Each structure stands twice: as C-alpha cells, then as structure tokens.
Amino acid sequence: MACLNKRAKQLQIAREKKKMASALESEFHVLPHIVELLDVEDGSGCNEAWPEGAWVPTSELDNDTINSEESDLDSEDEEECEFTDGEDNEEFSDLAFEMIMKQPVSHQNLVKLKYTRGPEPSKKTIYRRKVLQDSLATAAMDSRPLHKGFLVVAQARECLNPEEPARQKIEEAVKDLESKLRSKRIKLEGQNLTRHRAVLAFLNLGSSRQEGETRQQLSIIVARCFNKGLYFARKVVSWELTWKNHRMIEEGRRGCFGKTRSWFNDEGVQLAVREWLAGAGEHITDYGLAKAIGVYLDSKRAEVVVTESFGPNGNRIRARTARRWLNQMGFSHSKVTKGVYVDGHERSDVVNYRNQVFIPQWKEYQRRMVIFDEDGSWKPPPTLREGEKPLVLVTHDESTFNANDGKRKMWMKDGKQPIRPKARGKGIMVSGFLTPGGRLSVPADVPDEELLRNPMWPKEKGTEKPVRDSMEFLEYGKNNYWDSEKMVQHTMDVAEPIFRYAFPGCQAVFAFDNASNHCCYSADALVVSRMRKNPGGTQPIMREGFIHSKQRPQSMVFPENHPVFTLRGKPKGIEQVLRERVLWKAQRTDGFAFLLDCPTSNNRLGCQPIEGGCCMRRVLSEEKDFQEQKGRLQEELEARNQDVLFYPKFHCELNFIEEFWCSAKWYARENCLYTLEGLRAVVPQALDSVTTATINRYFNHCVRIIDAYMDGLSYGTRAFKEKIYKGHRQVVDKSKW
C-alpha cells in the first residue's frame, strides 16, 4: 500500500504541470478514459485508475519536488513495498483490468502508435509551407493578372474528384495486365504467371476496397488465395507498384541459384553436344546424348576441368538431364509426321531459286491462267493478250497407300487396344495430275470410240477400254518400282494427250517438284559426270555442244574421217573438248596439277573456288551449253509446245495436290480392310471422295501462300499466318462431316 500511495502522490504533483494529460496520452499510450479519470479535481481518480505497474518518468517532474518527496518516502518501511508484490498487487491489477474492459472501445478511441503522424502537419511542415507561400507572393508582386490580357475571363472549371485520377490509373493497369495474360505472343509460365495473377487480384480488390480495409490486409488475403505467406503479401504490394508505374513485374529467380553449376553452360560440352547431334540424325535419344557427354568428360582434355569443378566423380549426367538439355536446345520428343522440311526450307540456294526463278515465272504464268469455279467450269482470263493461249496449271505428284495403314485415332475402352499387324503391309503407289478444276481426265462427252481411233491411245490393263483418267496405279515391290522412264512415259503417253481433249485451244503448265526422277537427263544429254578424261571407253555418245566464245557448234564425237583410225566415231573425252575450247592447261593458277577431279580423300576439301577453275569437270561444267542442259521430261514437254515449272525444293506447301493426298488417305484409313484386295478397292474410292470444289479450294489456298512469298514474308511468321490462315478462308471438306 505504501508503494501505491507513493505513486499517487507523484501523479498528483505531476498533474499540475501543463499538458500533462496530452503528454501521458501521446508518449506513454495511456488510454483516453484513464486520462479522464486523472483529470478529476481532487485527484481521487488516481487511486482508482492507475493500476500496479504504471510509472511516470522523472523527466516530467521538478527536481526539487522529487528530492523533497524522496526524503519523506524513503523513511517508510521498505517491507511494505516488497509486500505489495504479493496478493495486494494482484487485487489492484484485477481491479484495473476490469475497469478498462468495461469501457467501450471503438475505432474513434483507438490509440495512435508512437511516432505516427496524425492529420495535423508538424510545425516544421507548417513553417516550410509558409516560407514557400511568402516566396511566391514576393515573386508575383510586380506581375499582372493573367485574365487582364483577355477580353473574356474564362470561368473556373470545377475541381475534379481527387480520387478520380487514381481510379483511372488502376483501371488502366488492370486492363493492360489482363491483356498481357491473354496474349499468345507472351507466354507466362510457373512462378511468373502466379505473380501476374496475384497482382491482378490485388488490383481488383484495391478498386473495390471498403472503409477500414488497408492494403496490408488485402495483400494478405491475396497471398492466402495463392497458398502463400506474409513475404508473398509484401512482394505483391511492391509488384503492384512497379506494374502501375512501369508496366513490368520482376521475374522469378526460383531455381536460378547462383552457386549451382550445370555442364550445359560449359563451352566444351556444348560443342560436344552439337557434334553428336549433327551425326546422330534420326537416332537422337536421351541415353545416347548422356553417353556422348560421358565420353567427352572422360577424355583427357576435360579431366582437369572436371576435377577442379566437380571432383573426381563428377563426370556423368543422367538421362533425365540429357532430356532437359534437349528441350533447352529446341528438341522435342514427339510423333514423326510429314511436313515442311525446315532444315532446307530456308537454305540460301533454295530461297534464291524461290525468289529469283519460281516467283517471276509464276507471275508471268498467272496472268494467262484460266479462272476455275468450284464446279469445274472455267473461263479465259481478262488479262490475256492478243495471240496468246490461255494457260492451265497441271500439277503432279506421287503418293503411296498401304494395306495396314488404318485409323490413327479411335474410341477405345480403357485398358483395351485393337490388334493390328506390325508392318505397314504391301502398298500401291499412285501417280496423278490435278488441275484447279479437279482431276485431269477426259470429258464425259467424249465417247470411248473416239479415243480408240488413235492406235497410240493407252488402254487399261487386261481390258480394251481406253484410259480416261490420268491417275496411274503401281503395286510396287519385286523389282517393280517407279523410275524416271515410267514417269516420262506416264506424262507423255497419258497426261499430255488427255489434256488436249480436256482443254482444247489451251496450253498446259506442267508443275513438278524438284525430285531426281523429274530432272533426269536423256541418254545423249550434255552431262559432265558421264564423261571420261580420255576418248572412248564406256562414256556415252553425246549430242552436239555449242562454243559460245567462238559462236559455233562442237561435236562430242570424233568424225569418221579422223586421221587416227581407232578414234573414228568414238566419243571425245573431257581433255579433247577443253582443248578445242581453248580451256586446257597443264597446271592451275596456284601451281598444282590440273586433275580430272579435285581429291576428297584424307580429309581434303575437294573443289575450291580458284581463278581459272580447279579441275577439268568443274571447268567444263561451267560452260554455258552444259549449264543450259534440261531434263528429259522438260525437253519432251516443250517439244510438244507445253511449258514446265519446277517447285522450289522443300516447298510442299506450294503444291495443292499434297492436300488432295491428305484427304484421300483420310478416307483410306477410315475404310481400311488390312488386306491387299481391300486396298485395291479402297484406293479408287478414296480418290473419288475428294470433290472438285475441295480441290479448287486447295488451289486457292496455295495461291495465297505464293502471294505471301511475293510480299517478302517468311514461312511461319505471324504476318505469314495472318495472310494464309483466316476463318472464312479455311478449306472445309463437307464430305467429312
């Protein structure tokens, strides 16, 4: 009790000081209802309101008062002070706690934290604002009011809502963030996607924040929604600020620990990986790559690096690591499908042929091409000049159908698989010609008798019926394959005569891909690879050449009256041909011997660009008459006044017959009987299932691809896809519905 009376006296003395109540409230966080009790005139509220454990600093009391009171109070028994730590102390603490709890606590009575500034500015802020206002007033003393320079004083605009700019900023931030999340060009994954979604949720909560809710509370709610803690909540607030100000969110660094080491970042390992991938071809596997890396790390050149970095046992990677590396290098383990051969599609020589040869020829042909409708009817183009014949595009390609090539996808019960033959089975190869108006065939109004009047008209096998369709079937196998001889025979004996019946008065443009079958040379063509150095031997007898430097022809065979009897009628060798063209030399310009071929053995590079030529074959092959030598197929078609066009290599997307094969094979797979007899019956049905309207749409689709290349677009780019693939232009075959 003595100790409590001592504290009560101290409070009564301190109460006489100015601003005692405010000091107690602001500095020591005394509750407002306790301060009201302390303001009682007789000071009786001190004993009732002040609980045990409260204290007053001596800095608020006078030194004289403290010294005088201490001398009186020190004489009291200290045992009583020690006794107050017992039961009496607990009684007063309980009494004070009950009194505090009875008082209603509201948001208006909450105590402000220490060092928290309230709505009233500090003295320093008030002084700084006053100085700034005085300086502006001083500077404007000699100034003229702005409205006096105008005839009419503009009315003051109403002040906008101060919260309106902030709301607009949040709405713009939400709109931009939603656009980024929907974007297909920017792919957000993993932790970065979680961060963007969390910021979007925080912005939406902030735009609808209720009275009394703080940003900290909203961030905690967002963190809980993503199963995160307080750290994530604090980061959401910082990410939200950076997004509103700079439209960016910091990328996550999880999994990028700076002290981790990966063999993938080693230059020597990367070189070993590239070498192995270049030689593996289709045999790329994760185990093979892991083994190749192990072989490299076991080598002597890498032993020192491995030991210093990872220790003596750190020179192995697992197959799962190899799979991760393959994914990082752009490889994917997926099903093999036929498509554009990307490796050679953008090769420099291929692109040069496409831009410098194919596209200019197409532009010239397109002006004269007839216009087809979906029903197969056609009309001449309006841009046809006088004396020109209309052109009809006739495209060609081959495809194979196999007996065991069934459905790729089907409905199956869980745990059950259909039993199918392992091999693809025997097959039938189809060589066909298409026009934009359908398959190349004899019109129905031409009777068979008219066709049979021509004794050279081909007939169907085993019958006397004339061939009316340009599709040729071949059951390959047992030394029965499609070669260049059969290709030329099919084109000249079947396709070209049918074209004359189908399009009288028109000229054909036969389009082929750049396969070796279509570019083969005739037996007497000027081909350097068939020639020998010396006369005679097994080299063929070639047609006459032409020496452009002398403007005269050159025979490739010795005359019958040649002075040397053994050379009469024999083919000349490369040496004799070069001597007649004044291109023979004893040695090259670099001093080495002038050989027939540049050697490639023992890692030698072969032909190299040297002034004057490096070898005999190279020098003769660069002659103009040898360069202008055409294939047999092109020569025979041009001899019948037909044009020939070759597609660029690796550009199957330009040939609309490729899409025709896709539709036909779909039908064959859907109706597969897994027998050769069934295949013989299904293949003609599959070809007939593709309608004329569908073929015409396939052609228009390829024309748009060619137009995209004309505009300078690259295959696979966004602009290329936007020009080619559009909803109202997609090819739809309604027969598959």
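**Exercises on a predicted model**

**Exercise 1.** Work out how long helix 9 is from end to end, and which of its residues are buried.

*Solution.* Start with the span: helix 9 covers residues 164-182, 19 residues in total, and its first and last C-alpha atoms are 27 Å apart, close to the 27 Å expected at 1.5 Å a residue. Keep in mind that this is a predicted model.

Next, pick out the buried positions, which are I170, A173, V174, L177 and K180. Look down the axis of helix 9: these buried residues fall within an arc of 130 degrees, so they line one face of the helix. The spacing makes sense, because an α-helix has 3.6 residues a turn and residues three or four places apart point the same way.

Now turn to the other side of helix 9, where K175 and R182 are exposed. Finally, ask what lies over the buried residues: the cover includes helix 10 (190-207) and helix 12 (230-246).

**Exercise 2.** Find the residues that touch the most other members of the largest nonpolar core, and the element that gives the largest share.

*Solution.* The core has 42 residues, and W362, F401, F660 and L687 touch the most other members. Among the elements giving two or more residues to this core are helix 18 (348-366), strand 3 (391-402) and helix 25 (657-670). Helix 27 supplies the largest share, with 9 residues. Another core, of 31 residues, lies apart from this one, and M429, F499, V644 and F646 are among its members.

Then zoom in on F660: leaving out residues up to four places away in sequence, F660 touches L434, R439, M471, L687, V690, I695 and Y698.

**Exercise 3.** Count the disulfides in the whole structure, then check C607.

*Solution.* The search turns up 0 disulfides. For C607, the nearest cysteine sulfur belongs to C598 and is 3.8 Å away; a disulfide would need the sulfur atoms within 2.5 Å.

Note on methods:
Residues are numbered from 1 along each chain as its sequence is written. This is a predicted model: local features need pLDDT of at least 70, side-chain atom pairs count only at pLDDT 80 or more; totals for chains, interfaces and linings use all residues. Side-chain values use heavy atoms; hydrogens and water are left out. Helices (H or I, at least four residues) and strands (E, at least two) are DSSP runs, numbered from the N terminus. The expected span of a helix is 1.5 Å times one less than its number of residues. Buried means under 20% relative accessible area, exposed over 50%, partly exposed in between (1.4 Å probe, protein chains only). The arc is that of the directions from the helix axis to the C-beta atoms. Contact means heavy atoms within 4.5 Å. A nonpolar core is a set of buried Ala, Val, Leu, Ile, Met, Phe, Trp, Tyr and Cys residues joined through side-chain atoms within 4.5 Å.
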